[in-house]
Amino acid sequence: MDQPSSRRMLFNLIATLNASYPDYDFSDVKPDQFTKHQSVPMVCNYINNTLFNLGHAYIINNLALWKVIDEIIELDECSVYSFNPDNDSDPNAEDGAIWSFNFFFYNKKLKRILFFAVKCLSINAPLQDEEPLDTFSDSGSDVIGMSYEEYVMGDIEM
């Protein structure tokens, strides 16, 4: 990141993190915590596999995730970066956090960055202030959440 364009890209990525997590300080983030990925389809595939494995195929299929994202940022024209923070600079390192990933889809021609972050929290994680108490409702599965039995038992037939 010693070229002016690389430094500008680093600044834009950090500015995006600052805008996404306003209560967090990214002033100590290092350039080596960002990785440029060679293939947008490989990153999309990684995200798809993660969402499918977590039982959220409806996000990709029913909500047409990649169609919507492509309309916003034109994926064919994008570069993709990931943010791989250490424990001190990870905004997702909270009580109960199991893992997270952070991708930036950057379209230079449109001058847009789309930040895509996912984190996984343990079912035993303490609720955050803004989270509703009924995340695991008794009403069954819907687009927002699923019942506790579905979460714990998955596809096991009873």
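**View 1. Lys67 forms a salt bridge with Glu71, and their closest N and O atoms are 3.5 Å apart.** A salt bridge here is a side-chain nitrogen of Lys or Arg within 4 Å of a carboxyl oxygen of Asp or Glu. The model is a predicted one, in which local features need pLDDT of at least 70 and side-chain atom pairs count only at pLDDT 80 or more, while totals for chains, interfaces and linings use all residues. Residues are numbered from 1 along each chain as its sequence is written, and side-chain values use heavy atoms, with hydrogens and water left out. Because Lys67 and Glu71 are 4 residues apart in helix H4, about one helical turn separates them; helices (H or I, at least four residues) and strands (E, at least two) are DSSP runs, numbered from the N terminus. Lys67 is exposed, with a relative accessible area of 55%, and Glu71 is exposed as well, at 56%. For these labels, buried means under 20% relative accessible area, exposed means over 50%, and partly exposed lies in between (1.4 Å probe, protein chains only).

**View 2. Glu74 and Lys109 form a salt bridge, with their closest N and O atoms 3.7 Å apart.** Glu74 lies in the loop between H4 and S2 and Lys109 in the loop between S3 and S4, so this pair ties together parts that are 35 residues apart in sequence. Lys109 is exposed, with a relative accessible area of 57%, whereas Glu74, at 32%, counts as partly exposed. A search of the whole structure finds 2 salt bridges.

**View 3. The backbone of Glu74 and of Ala64 is shown for its phi angles.** Most residues other than glycine have a negative phi. Glu74, however, is a residue other than glycine with a positive phi, near 55 degrees. Ala64 is not a glycine either, and its phi is positive too, at about 50 degrees. The place of Ala64 is in the loop between helix H3 (57–61) and H4, where it counts as partly exposed because its relative accessibility is 24%.

**View 4. The largest nonpolar core of the protein has 19 residues.** Such a core is a set of buried Ala, Val, Leu, Ile, Met, Phe, Trp, Tyr and Cys residues joined through side-chain atoms within 4.5 Å. The residues with the most contacts inside the core are Ile47, Trp66, Ile69, Leu75, Phe103, Phe105 and Phe116. Two or more residues each come from helix H2 (40–53), helix H4 (65–73), strand S2 (78–83), strand S3 (97–107) and strand S4 (112–121). Among these elements, H2 gives the most to the core, with 5 residues. As a setting for this view, the protein has 5 helices and 4 strands, which follow the pattern α-β-α-α-α-β-β-β-α when read along the sequence. Of its 158 residues, 32% count as buried.

**View 5. Two residue pairs, Thr16 with Leu114 and Leu51 with Val118, are compared in sequence and in space.** Thr16 is found in helix H1 and counts as buried, at 15% relative accessibility. Although Thr16 and Leu114 are 98 residues apart along the chain, their C-alpha atoms are separated by 8.8 Å. Leu51, which has its place in helix H2, is buried, with a relative accessible area of 6%. Leu51 and Val118 are 67 residues apart in sequence, and their C-alpha to C-alpha distance in space is 9.4 Å.

**View 6. Asp25, Asp28, Asp32, Asp86 and Asp88 form a negative surface patch.** Patches are made of residues with over 30% relative accessible area and no salt bridge, where like charges are joined within 9 Å and nonpolar side chains (Val, Leu, Ile, Met, Phe, Trp, Tyr) within 5 Å. Lys and Arg count as positive and Asp and Glu as negative, while His and the chain ends are not counted; the place of a charge is taken as NZ of Lys, CZ of Arg, CG of Asp or CD of Glu. The accessible areas come from the Shrake-Rupley method with a 1.4 Å probe, and for residues only the protein chains shown count as cover. Asp32 counts as exposed because its relative accessibility is 66%.
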